[in-house]
Amino acid sequence: MQVDFYHLTATPLDRALPQIAAKVVESGARLLIVTARDEQRADLDRLLWTYRPDSFLPHAQAGAGDDSVQPVLLAPAVTPTNDARHVALVDGQWRDEALTFDRAFHFFEDEHIGAAREAWRALGGRDGVERRYWKQSDTGRWEQAA
């Protein structure tokens, strides 16, 4: 199981998340996007339809229809009703339920850096968990720092 920590410094979530989501979907996998904040889910719902003028990411909010057919599902909890094996935690909160997936993306901003460091340390002792820490260079490019 792989956990990728993405420290959002130069690129905001609304630019970083669609890129990751598109790569997951292009690979034929499914993604669960988790945030406890209703407003953030609504914003992400709109974003995924319009983030690029030439395409969109097919998705839905959990409970809005048949979750099982959605390649990308926005949800308030780590419950993969779309059978996703990838999860993106986007509200800065780590959730251990993400460890049941093949891959987890943990996005956080400076205000959540203390909690992210705590999660990093806690996951360091877990068997079968590979951690990666991504930060942005001065040019905005993602670089693996750990």
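Author: Rings of Phe, Tyr and Trp (the six-membered ring for Trp) count as a pair if their centres lie within 6.5 Å; planes under 30 degrees apart are stacked, over 60 edge-to-face, and the rest tilted. Before the details, this is a predicted model: local features need pLDDT of at least 70, side-chain atom pairs count only at pLDDT 80 or more, and totals for chains, interfaces and linings use all residues. Residues are numbered from 1 along each chain as its sequence is written, and side-chain values use heavy atoms, with hydrogens and water left out.

Reader: Fine. How many aromatic pairs are there in the whole structure?

Author: The search turns up ten aromatic pairs. One of them is Phe 5 with Trp 120: the ring centres are 5.2 Å apart and the planes sit at 75 degrees, so this pair is edge-to-face. Phe 5 is in strand 1 and Trp 120 in helix 3, so the pair links distant parts of the chain, 115 residues apart. Helices (H or I, at least four residues) and strands (E, at least two) are DSSP runs here, numbered from the N terminus.

Reader: And Phe 5, buried or exposed?

Author: Phe 5 is buried, at 1% relative accessibility. The cut-offs are under 20% relative accessible area for buried and over 50% for exposed, with partly exposed in between (1.4 Å probe, protein chains only).

Reader: What's the geometry between Tyr 6 and Trp 134?

Author: That pair is stacked, at 6.0 Å centre to centre with 10 degrees between the planes. Tyr 6 sits in strand 1 and Trp 134 in strand 7, distant parts of the chain that are 128 residues apart. Tyr 6 is buried at 7% relative accessible area, and Trp 134 is buried too, at 17%.

Reader: Which residues form the aromatic cluster?

Author: Phe 5, Trp 94, Phe 108, Trp 120 and Tyr 133 make up one cluster.

Reader: OK, switching to charges. How many salt bridges?

Author: Eight, taking a salt bridge as a side-chain nitrogen of Lys or Arg within 4 Å of a carboxyl oxygen of Asp or Glu. The general idea is that side chains of opposite charge can pair when their charged atoms come close.

Reader: How far apart are the closest N and O atoms of Asp 4 and Arg 103?

Author: They are 2.6 Å apart, and the two residues form a salt bridge. Asp 4 belongs to strand 1 (residues 2-7) and Arg 103 to strand 6 (residues 103-108), so the bridge ties together parts that are 99 residues apart in sequence. Asp 4 is buried at 0% relative accessibility, while Arg 103 is partly exposed at 24%.

Reader: What does Asp 96 pair with?

Author: Asp 96 forms a salt bridge with Arg 126, and the closest N and O atoms there are 3.3 Å apart. Asp 96 is in the loop between strand 5 and strand 6, and Arg 126 in the loop between helix 3 (113-124) and strand 7 (130-136), so parts 30 residues apart in sequence are tied together. Asp 96 is partly exposed at 41%, and so is Arg 126, at 36%.

Reader: How much space lies in the largest pocket?

Author: About 250 Å³. A pocket is an open set of points on a 1 Å grid over the protein atoms alone, where a 1.4 Å probe fits, with protein on both sides within 12 Å along at least five of seven lines; lining residues have an atom within 4 Å of a point. Points are joined across faces, edges and corners, and the volume is the space filled by probe spheres set on them.

Reader: Which residues line the largest pocket?

Author: Among them are Tyr 6, Arg 103 and Trp 134, along with His 86 and Trp 142. Helix 1 gives the largest share of the lining, five residues. By type, the lining has seven nonpolar, two polar and three charged residues. Here Ala, Val, Leu, Ile, Met, Phe, Trp, Tyr, Cys and Pro count as nonpolar, Asp, Glu, Lys and Arg as charged, and the others, Gly among them, as polar.

Reader: Last one: Glu 26, buried or exposed?

Author: Glu 26 is exposed, with a relative accessible area of 66%, and lies in helix 1.
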